[in-house]
Amino acid sequence: MKISRYDASVKEVNRILRGEQRIYRIPRYQRGYAWKRAQVDTLWTDTMQNENTGMFIGTILLNCGEDDEEDRIHVIDGQQRLLTISIMLAAIRDALHENDDQLNASKIHRAHIETDLWTGKEGVLNIIPGGKLELFFKRKIQTYPIISDPPKPITEEEKNVASAYKYTRKEIS
């Protein structure tokens, strides 16, 4: 994977997840999803405390190499934060759905988890985790409407995702 350019800029997460019209792929060589409750709690608490003023979530390093498909960007650093934000958005979406607010649940899903607003195709995901997590993440976090038989976490990485989701759902209620 050739790195074709370096460009530092400040962006809102909303712009990354929604407005860039790109698909973010986490390469297989990146470490698996490793965040535990403490890191998820810190991000959640910081987000809630700064919801009206914005906050800095850290550096996200992206590779927009020329050799890749033009709509794909590889996440080199920041994958834990981007995946956790996706997990949190899915938890909010599912809570809305369970409270009979399917309209807003669908809006969150279509705007921040899938890219169908700009691709015109359903099921195209904003973030694709690398390695073995991809299928579990797709079924547990990125599938909407909620599936009746969600996958059970097996690997440590899957357990971390399920724990982050469960934590966020608890914080919402």
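Guide: Before we start, a contact means heavy atoms within 4.5 Å. The model is predicted, so to speak on its own terms: local features need pLDDT of at least 70, side-chain atom pairs count only at pLDDT 80 or more, and totals for chains, interfaces and linings use all residues. Residues are numbered from 1 along each chain as its sequence is written, and side-chain values use heavy atoms, with hydrogens and water left out.

Visitor: Fine. What share of the contacts with a separation of 6 or more is between residues 24 or more positions apart?

Guide: The share is 69% in this protein.

Visitor: How many helices and strands?

Guide: There are 7 helices and 4 strands. Both are DSSP runs numbered from the N terminus: helices are H or I with at least four residues, strands are E with at least two. Along the sequence the pattern reads α-β-α-β-β-α-α-α-β-α-α.

Visitor: In what order do the strands sit in the sheet?

Guide: The order is β2-β3-β1-β4, in an open sheet with mixed pairing. Two strands pair if DSSP finds at least two bridges between them. β2 and β4 (127-128) are the edge strands, each pairing on one side only.

Visitor: Which helix packs on it?

Guide: α3 does, touching β3 and β4. The direction of α3 makes about 115° with that of β3; axes are lines fitted to C-alpha atoms, for helices over the stretch in contact, and angles run from 0 to 180 degrees between N-to-C directions.

Visitor: Back to β3. Is its pairing with β1 parallel or antiparallel?

Guide: Parallel: 3 bridges join β1 (residues 23-25) to β3 (residues 72-77). Ile 23 stands opposite Arg 72 there.

Visitor: And with β2, parallel or antiparallel?

Guide: Antiparallel, with 3 bridges joining β2 (residues 61-63) to β3. Asn 63 is opposite His 74.

Visitor: Changing topic. What percentage of the residues is buried?

Guide: Of the 173 residues, 39% are buried, meaning under 20% relative accessible area, with exposed over 50% and partly exposed in between (1.4 Å probe, protein chains only).

Visitor: Which residues of α6 are buried?

Guide: In α6 (residues 133-140), Leu 133, Phe 136 and Phe 137 are buried. They fall within an arc of 95° seen down the axis, so they line one face of the helix. That arc is taken from the directions from the helix axis to the C-beta atoms.

Visitor: What do they pack against?

Guide: The buried residues of α6 pack against α3 (79-98) and α7 (156-172).
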